[in-house]
Every structure is written in structure tokens, then in C-alpha cells.
Amino acid sequence: MKPRTQRVPVEPASVYVAVDGRALRAWRKRRGLTMAALAAAAGISRSYVSMIERGERSAIHPAIVIRLAAALNLSNDEFIRTTEPRHY
């Protein structure tokens with residue numbers, strides 16, 4: 001008999017933070033960082049940074065937001081406030 005796999009609970013979407021990739025790109029460029037440098041400083045992959053900046057990933061886990069903010073030398077509040085998607 002095949003062993004049962006344990007289901008991993010999925011976090012509700014409400015725990016994720018909306019991030020505007022264009023704003024993230026602007027902060028990265030202001031800080032003079034490449035995508036690779038930001039990714040390394042935040043402990044995530046360069047491709048993930050690229051997906052965020054292109055808008056392919058707009059709901060980011062809070063732990064990643066904290067690491068991106070630290071890598072950009074921003075407070076968590078400032079990062080969230082300045083990268084919040086704007087709807088005009």
C-alpha cells in the first residue's frame with residue numbers, strides 16, 4: 001500500500017503583500033543595484049526579482065517583503081507604502 005502524503009496547508013491570499021514591480025525596479029535602480037545584486041542581498045533568485053518587476057508576481061509573501069526592504073535599506077513600512085500598487 002502506498003503511503004499517504006501529508007497535505008501542506010496553503011496560506012490564504014490575505015497574508016500576502018501587493019507590490020508594484022515598477023516601483024521595486026525604481027528603488028533598485030536608485031540604489032544602483034542589479035537584479036542579481038538585489039536578489040543576492042535578499043536571499044531570493046534573480047528570476048524571482050525579474051518576475052516581480054515585470055508584474056508576473058504581484059502578491060509577495062511578507063518574509064520576502066522584509067528581505068527586499070532590508071536589501072534596499074528601507075524600513076518595511078516605507079517599502080510597503082512606496083511599492084503599493086496604484087490604481088488610477
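A residue is called buried if its relative accessible area is under 20%, exposed if that area is over 50%, and partly exposed in between, with a 1.4 Å probe and only protein chains considered. By this rule, 31% of the 88 residues of the chain count as buried. The model is a predicted one, in which local features need pLDDT of at least 70 and side-chain atom pairs count only at pLDDT 80 or more, while totals for chains, interfaces and linings use all residues. Residues are numbered from 1 along each chain as its sequence is written, and side-chain values use heavy atoms, with hydrogens and water left out.

The chain has five helices and two strands, where helices (H or I, at least four residues) and strands (E, at least two) are DSSP runs numbered from the N terminus. Followed from the N terminus, these elements come in the order β-α-α-α-β-α-α. Contact here means heavy atoms within 4.5 Å, and among the contacts in the chain with a separation of 6 or more, 67% are accounted for by residues 24 or more positions apart.

We can now turn to the interior. A nonpolar core is a set of buried Ala, Val, Leu, Ile, Met, Phe, Trp, Tyr and Cys residues joined through side-chain atoms within 4.5 Å. The largest such core in this model has 19 residues, and those with the most contacts inside it are Val19, Leu38, Ile44, Leu68, Leu72 and Phe79. Two or more residues are given to this core by each of helix H1 (21–30), helix H2 (35–42), helix H3 (46–53) and helix H4 (62–71), and the largest share, five residues, comes from H4. In soluble globular proteins, nonpolar side chains tend to be buried together. If neighbours within four places in sequence are left aside, Val19 is in contact with Ile52, Ser58, Ile60, Val65, Phe79, Thr83 and Pro85.

After H4 comes Asn73, with a positive phi near 60 degrees.

In helix H3, the buried residues are Val49, Ser50, Met51, Ile52 and Glu53, and what covers them includes H1, H2, S2 and H4. H3 is followed by Gly55, whose phi is also positive, near 85 degrees.

Which residues does Glu53 touch, once its neighbours within four places in sequence are left aside? Glu53 is in contact with Gly21, Arg22, Leu24, Arg25, Arg28 and Met35, and its relative accessible area is 3%, so Glu53 counts as buried. The C-alpha atoms of Glu53 and Arg25 are separated by 5.8 Å, although these residues lie 28 residues apart along the chain. Arg28, which lies in helix H1, is likewise buried, at 7% relative accessibility. Beyond its neighbours within four places in sequence, Arg28 is in contact with Leu33, Thr34, Met35, Leu38, Glu53 and Leu72.

Another arginine, Arg30, lies over the face of Trp27, at 4.4 Å from the ring centre; a charge sits over a ring if NZ of Lys or CZ of Arg is within 6 Å of the ring centre and within 35 degrees of the ring normal.
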